[in-house]
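Me: I'm new to reading protein models. Could you walk me through this one?

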Amino acid sequence: MSNAACGPRGRPFTLIVCASCDPVAEEVMDGLRRAVRGCRHGVMVSTGCLQKVLHCRRPRGLYAAVQPCAEDRRPCGSVVRLGPLVTDGDAEAVGSWLRAGMPDDGTLPDRLRAAPAPQNAAHLN
């Protein structure tokens, strides 16, 4: 597909998906694959548990992290933590957000934003 499939604000990204916490979420994984295939400079990586980055709560859906990057794959923005992604509709919402260029305008529902892992969260004194 052309870069136009990602919309006028589409931009390169790397999506890293934890494939070990919910092995029965293949429908959600397929939705994410379709979304990434629709973006010329989108890359999806399937990996083991991301508990160092995310606060996964097994077995309740997929968790992922996405980072905007330049066309040469250099990171150029903050990581957004995603999850739990439980339904195909969740995957479609993430896909729409990715195709729109990952805007910070409420396009991605708050319920799809994951909490950081406890060791990455700020602690209050």
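Me: Is aspartate 88 buried, partly exposed or exposed?

Reply: Buried means under 20% relative accessible area, exposed over 50%, and partly exposed in between (1.4 Å probe, protein chains only). Aspartate 88 has 29%, so it is partly exposed. Keep in mind that this is a predicted model: local features need pLDDT of at least 70, side-chain atom pairs count only at pLDDT 80 or more, and totals for chains, interfaces and linings use all residues. Residues are numbered from 1 along each chain as its sequence is written, and side-chain values use heavy atoms, leaving out hydrogens and water.

Me: With which residue does aspartate 88 form a salt bridge?

Reply: Side chains of opposite charge can pair when their charged atoms come close. A salt bridge is a side-chain nitrogen of Lys or Arg within 4 Å of a carboxyl oxygen of Asp or Glu. Here, the partner of aspartate 88 is arginine 34, with the closest N and O atoms 3.2 Å apart. Arginine 34 is partly exposed, at 46%.

Me: How many salt bridges does the structure hold?

Reply: There are 7. One of them joins aspartate 72 and arginine 74, at 2.8 Å between the closest N and O atoms.

Me: Which residues touch the most other members of the largest nonpolar core?

Reply: In soluble globular proteins, nonpolar side chains tend to be buried together. A nonpolar core is a set of buried Ala, Val, Leu, Ile, Met, Phe, Trp, Tyr and Cys residues joined through side-chain atoms within 4.5 Å. In this 22-residue core, the answer is Leu15, Val66 and Leu82. A separate core has 6 residues, including Cys21 and Tyr63.
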